[in-house]
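Please look through the sequence and the model shown here, and keep both at hand while reading the briefing that follows.

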Amino acid sequence: MPRGRVLMAGIAIVLGSVGAAFTGSPGLLTVCRLVTGVGVGAASAVVPSYVSEIAPTSIRGRLGTFWQFAIVIGQLLGLLSGYALARWAGSESAPLWWGGAAWRWMFVVVAVLASGYVVITHLLPRSPADLLRRGRESQAGALVVKVGGRGQGVRDHLAAMKESLAGTSKVPSLKVLRGSRFGLKPIVWVGLLLAAFQQLVGINIVKSYSNTLWQVVGFSTGASFGISIFTVCVSIASTVVAILVMDRVGRRTLLVAGAAVMVPALGTLTVCFASATPTGAGGGLAIGQGAGIAALIAINVFAVGFGVTWGPVMWLMLAELFDSGTRTIAVALCTAVNWLTNWAVTFTFPVLAGVGLSFAYGIYTAFAVLALIFALRVLPETKVKVLD
């Protein structure tokens, strides 16, 4: 994984955030947010792959899981900083320092943090595979030794990488993914389905609509915000658990266990919201106290199941499924599918919720069942795979 792609992702986030903070045009604001989103999406593709390429096999799972840990920490800090700025100003649109609205300062915070990302990335070494692409075999060997390689293992590792890279371009294209299964290699389809299922179980609804969801079922605005904070904290604690177990339990085993937890949790939410009754004006809903408590428990059980397994393991496995010759472009394609599925789930939720929250969560339950079957029947185990 070329380090330059990691760096460019950070630069895109900085430029997009700065532009969004200072622009006065709605059109330019849309463009700047798109640039920021492209940067975030690119980072999602390249950072896990870079970590997996450079990490020793024995601790690759733990190091790869730190990516998910950073995501949930960022979600918590983003939620808290946005809330603090809006509260400080009085609302998101109220002015803060130098007359800038609070929402503009939220983008400034993103730009400052992304600048730190750029500085850190500039200090990182190139991955062994990237060094081999550039003909710098001695440096690649030295780096493998530095991160824990020994003797013949180093030579075998370099030989495997060179064989994988043979005949591939320094700038990978989609051609390397072509195969006999509907135009793609079978392993590419595995990665695409893995990326899609991670979002189809509805995790984005828990993160993006948690405040609205709990207000709909009768919680006050203040209580809903507290529940959202608690849910993110549960995700952080779950990721810590994932870091501790990632290199002791198989990747596939974790995904099977996670899906087995998410299915009954989502099923419980489906049943609880089926008992909701309209409150009248405003389109609100009310559920009984027992169903409300069960739903609150179920949504946090779901968050734990996802946070320990499908959240971090999907990113780790995407980097492990492919060889050096296809990893960059394959992970990029899978990441694009993940983000598109993320968008599709978020976009369709209001429509599904309009039919009924029970209907919406019934669909996510069905996808969780499919994810369980997929993990059991299709996914390979990559825990001990030596990345070439």
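A crossing of two helices is called left-handed if the near helix is turned anticlockwise from the far one by less than a right angle, and right-handed if it is turned clockwise. The model is a predicted one, in which local features need pLDDT of at least 70 and side-chain atom pairs count only at pLDDT 80 or more, while totals for chains, interfaces and linings use all residues. Residues are numbered from 1 along each chain as its sequence is written, and side-chain values use heavy atoms, with hydrogens and water left out.

**The chain as a whole**

- The secondary structure of the chain comes to 15 helices and 3 strands, where helices (H or I, at least four residues) and strands (E, at least two) are DSSP runs that are numbered from the N terminus.
- Of the 388 residues of the chain, 48% count as buried, a word that means under 20% relative accessible area, whereas exposed means over 50% and partly exposed lies in between (1.4 Å probe, protein chains only).
- Among the contacts in the chain with a separation of 6 or more, 76% are accounted for by residues 24 or more positions apart, and contact here means heavy atoms within 4.5 Å.

**Helices that pack against each other**

- Helix H8 (residues 186–200) and helix H15 (residues 357–377) pack at an angle of about 145 degrees with their axes 9 Å apart, the axes being lines fitted to C-alpha atoms, for helices over the stretch in contact, and the angles running from 0 to 180 degrees between N-to-C directions.
- The crossing of H8 and H15 is left-handed, and in it Val 190, Leu 193, Leu 194, Phe 197 and Leu 200 of H8 meet Tyr 364, Phe 367, Leu 370, Ala 371 and Phe 374 of H15.
- Sorted by class, this contact of H8 with H15 has 10 nonpolar, no polar and no charged residues, where Ala, Val, Leu, Ile, Met, Phe, Trp, Tyr, Cys and Pro count as nonpolar, Asp, Glu, Lys and Arg as charged, and the others, Gly among them, as polar.
- The axes of helix H3 (residues 60–89) and helix H4 (residues 102–122) come within 9 Å and cross at roughly 150 degrees, and the crossing of H3 and H4 is right-handed.
- On the H3 side the contact is made by Gly 82, Leu 85, Ala 86 and Ala 89, and on the H4 side by Ala 102, Trp 105, Met 106 and Val 109, which by class gives 7 nonpolar, 1 polar and no charged residues.

**The salt bridge**

- A search of the whole structure finds 1 salt bridge, a term for a side-chain nitrogen of Lys or Arg within 4 Å of a carboxyl oxygen of Asp or Glu.
- Glu 320 forms a salt bridge with Arg 251, and the closest N and O atoms are 2.8 Å apart.
- The pair links distant parts of the chain, since Glu 320 is in helix H13 (residues 289–321) and Arg 251 is in helix H12 (residues 251–274), 69 residues apart.
- Glu 320 counts as buried because its relative accessibility is 0%, and Arg 251 is also buried, with a relative accessible area of 0%.

- Thr 341 is placed in helix H14 (residues 327–355), and it is buried, with a relative accessible area of 11%.
- The side chain of Thr 341 reaches the backbone oxygen of Val 337 at 2.6 Å, and, leaving aside neighbours within four places in sequence, Thr 341 is in contact with Ala 196, Gln 199 and Leu 200.
- Val 263 is found in helix H12, and its C-alpha atom is separated by 5.7 Å from that of Thr 365, a residue 102 residues apart from it along the chain.
- Ala 21, in helix H1 (residues 3–22), counts as buried because its relative accessibility is 5%, and it touches Arg 104, Phe 107 and Val 108, not counting residues up to four places away in sequence.

- Arg 136 is found in the loop between helix H5 (128–133) and helix H6 (137–146), and at 30% relative accessibility it counts as partly exposed.
- Gly 288 lies in the loop between strand S3 (285–286) and H13, and it is partly exposed, with a relative accessible area of 41%.

Definitions and conventions:
A polar contact is a pair of N or O atoms within 3.5 Å; within protein, one must be able to donate a hydrogen and the other to accept it, and residues adjacent in sequence count only if both atoms are side-chain atoms.
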